[in-house]
Amino acid sequence: MLASSTGDEAAGNQDYQRGHMGKIFAEGFSFSGFERDKLYLNQGGAYVDISGLSGLDSVGDGRGAAWADFDNDGDYDLLLTELQGQVHHLYRNEVGQQRHWVRVMLEGRESGPDAWGAEVRVKTSQGIAVKAKTGGSGFVSQGDPRLLFGLDSEEAVEWLEVRWPSGERQRFGSVAAGATVRVVEGEQSLQPVELAATSLPDPAGEDAELLAALVVQPRDEFPAIALQGLDGEQTNFSAFRRADRSYLINLWATHCGPCLREMPELAALAPSLAANGIEVVGISLDMGAAKAKVPSFARRLGVNYQLFTTEEHVFSQIFSGDQVFIPLSFFVDREGMVKDVMAGWSEEIAAKIRTWSGDKSPLTKGTQ
Ligand SMILES: [Ca+2]
Ligand SMILES: [Ca+2]
């Protein structure tokens, strides 16, 4: 069961209900964006909130929820969709992987091909479990039309019964745990079904997400992007690069707050990096009128390394999609190959760059 609540709603008072219903109708107030996702465990008369424990608790603007055994391993996984093109969540169920189950697929005749509304009963030594094949399992959502029965540690069901919407009842004999069977309305035997096991991927790590958003990958040659010096001189990275230097290329812009915190730190490290054969190069991604602000920003931030601006077409040489994110730094070796990519500005990145500089002194005030 899925539901949503706000912190106020959790208090459960009627004033809240009245107040918010009033807002909805009088002020056009919407719950949109307020909800945390909830998952409750049915304990036979009581529902226990296992949202956090299950890993499902999130603050997205969720709408649709669909249960399905996406990886065909005998348990329901969960897909949650969100409004406004936000990220969608696919949750892989890894609870009780060793428990037994059977799966029933229905194919109707008189009841219609999907046999919506059919009931299936399975009998084990623990009792009779009943499931109905229903269309719609959440807001504009449809769950798995195949019915899964959890068997705990039972090796088989003793019998399986289908009550079709047409009124026909059929009962079949034992079905072994782990089997998927198709029941065709009116046919006397169950059809075994082989389903291919699929695997749901592990969540992508931050590094994988970063690299997916970039054209330039580690071990690639850094592209010969267009560069314009603050004196107006045109060049490109390939022509500018010297074979006896490595480069720490820092992409930034005047509107980027973290960039402006990072740059004094880079300036502090630039002399010791240079002594180690590593040249810091700043490339401003400011376009249009903002380019004119670059020299004054550089002076104010104490930039003592070489700065360039560039052209808009360079974005597609660096970034694989529409998303442009800075600060973004590349470490390029003496062969012109990318050795490292660093997104954002963090204590870890600062520490890594300081290691290259050989600097062991305390962090400067440019780092938080
Ligand atoms: Ca599954
Ligand atoms: Ca599973």
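Visitor: How much space lies in the largest cavity?
Guide: This is a predicted model, and the value is computed from it. The count comes to 1 cavity of 30 Å³ or more. The space in the largest cavity is about 30 Å³.

Visitor: Which residues line the largest cavity?
Guide: A lining residue has an atom within 4 Å of a cavity point. One residue of this lining, F222, also belongs to the largest nonpolar core. The lining is E221, F222, F237, S238, R241 and G336.

Visitor: What is the volume of the largest pocket?
Guide: A pocket is an open set of points, whereas a probe in a cavity cannot get out. The lining of the largest pocket has 50 residues. Its volume is about 1,800 Å³.

Visitor: Which lining residues lie nearest the centre of the largest pocket?
Guide: Several elements give two or more residues to this lining, including β2, α3 (51-54), β5 (77-82) and β9. Strand β9 covers residues 127-132. Nearest the centre lie W67, D75, Y76, N93 and K131.

Visitor: Which residue stands opposite N42 in β3?
Guide: Strand β2 (residues 36-42) and strand β3 (residues 47-49) run antiparallel, joined by 3 bridges. They form a hairpin with 4 residues between them. In its turn, G44 has a positive phi of about 70°. Opposite N42 stands Y47.

Visitor: Which are the edge strands of the open sheet of 4 strands?
Guide: The order of this sheet is β9-β8-β12-β13, with antiparallel pairing. Its twist averages 15° from one strand to the next. An edge strand here pairs on one side only. The edge strands are β9 (127-132) and β13 (169-172).

Visitor: Which residue of β12 stands opposite V120?
Guide: Strand β8 (residues 119-124) pairs with strand β12 (residues 159-163). The sense is antiparallel, over 5 bridges. Opposite V120 stands V162.

Visitor: What is the strand order of the open sheet of 7 strands?
Guide: At the edges of this sheet are β18 (234-236) and β23 (338-343), each pairing on one side only. Neighbouring strands are turned by 30° against each other on average, direction ignored. The pairing is mixed. The order is β18-β17-β21-β20-β19-β22-β23.

Visitor: Which residue of β20 stands opposite L251?
Guide: Strand β19 (residues 246-252) pairs with strand β20 (residues 278-284). The sense is parallel, over 7 bridges. Opposite L251 stands I283.

Visitor: At what angle does α6 run to β19?
Guide: Helix α6 lies across β19, β20 and β22 (328-332). Helix α9 (residues 347-357) also packs on the sheet, touching β19, β20, β22 and β23. The direction of α9 makes about 145° with that of β23. For α6 and β19, the angle is about 165°.

Conventions:
Residues numbered from 1 in each chain as written. Chains lettered and ligands numbered in written order. Predicted model: local features only at pLDDT ≥ 70, side-chain atom pairs only at ≥ 80, totals over all residues. Heavy atoms only, no water. Core = buried A, V, L, I, M, F, W, Y, C linked by side-chain atoms within 4.5 Å. Buried < 20%, exposed > 50% of the residue type's maximum accessible area, 1.4 Å probe, protein only. Pairing = 2+ DSSP bridges. Axes fitted to C-alpha atoms, helices over the stretch in contact; angles between N-to-C directions. Contact = heavy atoms within 4.5 Å. 1 Å grid on protein atoms, 1.4 Å probe; cavity = no way out; pocket = protein on both sides within 12 Å on 5 of 7 lines; lining within 4 Å. Points joined across faces, edges and corners; volume = space filled by probe spheres on them.
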